[in-house]
Amino acid sequence: GSKEKEKLRIKGKMARIRNREIAPGITRYSHSGLKRIHRIASRHRFQNKDKKKVEKKVVPKKEEKKQPKIPRFYSVYRLRRPLPAVRPHVQKPTKLRPSLVAGTVCILLSGPYKGKKVVFLKQLDSGLLLITGPFLVNGVPLRRVNQTQVIATSTRLDVKKLDVGEVSDKLFKKSKEQLAKAKSEKSFFGGKKTAKKNHKSVVSAEFKKHQKKVDAQITPLISKVPFLRTYLKTKFALRRGQYPHMMKF
């Protein structure tokens with residue numbers, strides 16, 4: 001009894017010493033905080049010191065790759081980095097509409113020759129259509145056109161023997177002189193009207209050569225089909241009461 005009382009007295013003293021008043025009515029530790037301190041103290045006091053120390057087997061740790069630390073501050077400038085998951089862009093060949101076959105007579109829907117009828121020759125590597133009037137019939141030269149800007153008709157020519165292998169996208173590229181003129185200050189500040197007046201389209205000798213070659217091959221094929229020459233010469237136009245979605249071309 002007396003020993004227990006002595007222990008409690010000492011414990012109370014220790015508690016008072018540790019948990020001193022910081023301000024009137026406010027102690028340094030809370031009730032739960034003080035309990036935690038006593039728990040830790042009791043562990044150290046009643047620990048068996050004579051207990052044999054057991055040597056732990058040290059297992060060699062595997063070398064782990066150190067992950068880079070996340071930066072606390074980020075730069076204002078946004079750094080453009082290639083995304084690793086994104087695959088490199090591969091240009092796939094453009095699919096042709098089933099109605100567009102080599103030799104199909106088409107109607108142009110846009111550009112300087114809109115409304116004119118042309119003959120589709122082949123699809124170029126860029127995916128664009130190679131068409132011609134031909135030039136001797138209706139004045140439409142060799143041109144590249146997107147298939148969305150064309151109406152395919154049911155009229156077709158047999159152009160299997162037509163030699164158009166030499167005509168490619170390179171034929172339609174502008175020369176360095178033409179590009180320099182287009183980017184000059186005079187053409188930029190002159191306006192559209194003055195640009196049209198001063199503009200003189202220069203056709204290369206190579207282009208003229210290919211145009212003549214194609215015209216010479218295609219004109220006899222057109223003359224074989226009755227009324228096809230006059231059909232190609234006439235422009236396509238709609239009148240009142242005519243609806244394109246109800247027509248069969």
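Five strands form an open sheet in the order 6-5-4-3-7, with antiparallel pairing; strands (E, at least two residues) and helices (H or I, at least four) are DSSP runs numbered from the N terminus, and two strands pair if DSSP finds at least two bridges between them. Strand 6 (143-145) and strand 7 (150-156) stand at the edges with a single partner strand each, so that one side of each is left without a neighbour in the sheet. On average, and with direction ignored, neighbouring strands of this sheet are turned by 45° against each other, where axes are lines fitted to C-alpha atoms, for helices over the stretch in contact, and angles run from 0 to 180 degrees between N-to-C directions. Helix 7 (residues 205-224) packs on the sheet, where it touches strand 4 (117-123) and strand 5 (129-132), and its direction makes about 70° with that of strand 5.

The model is predicted, so that local features need pLDDT of at least 70 and side-chain atom pairs count only at pLDDT 80 or more, while totals for chains, interfaces and linings use all residues. Residues are numbered from 1 along each chain as its sequence is written, and side-chain values use heavy atoms, with hydrogens and water left out. The protein contains eight helices and seven strands, and buried residues make up 22% of its 249 residues, where buried means under 20% relative accessible area, exposed over 50% and partly exposed in between (1.4 Å probe, protein chains only).

Strand 3 (residues 104-108) pairs with strand 7 in the antiparallel sense over four bridges, and the bridge partner of T104 in strand 7 is R156. T104, which is found in strand 3, counts as buried because its relative accessibility is 0%. Not counting residues up to four places away in sequence, T104 touches several residues, among them V118, F120, A152 and R156, a contact being defined by heavy atoms within 4.5 Å.

Two aromatic pairs were counted, with rings of Phe, Tyr and Trp (its six-membered ring) taken to pair if their centres lie within 6.5 Å, and with planes under 30 degrees apart called stacked, over 60 edge-to-face and the rest tilted. F172 and F207 form an edge-to-face pair, 6.0 Å centre to centre with 80° between the planes; F172 lies in the loop between strand 7 and helix 4 (176-182) and F207 in helix 7, 35 residues apart, and both F172 and F207 are buried. F236 and F249 also form an edge-to-face pair, at 5.7 Å and 65°.
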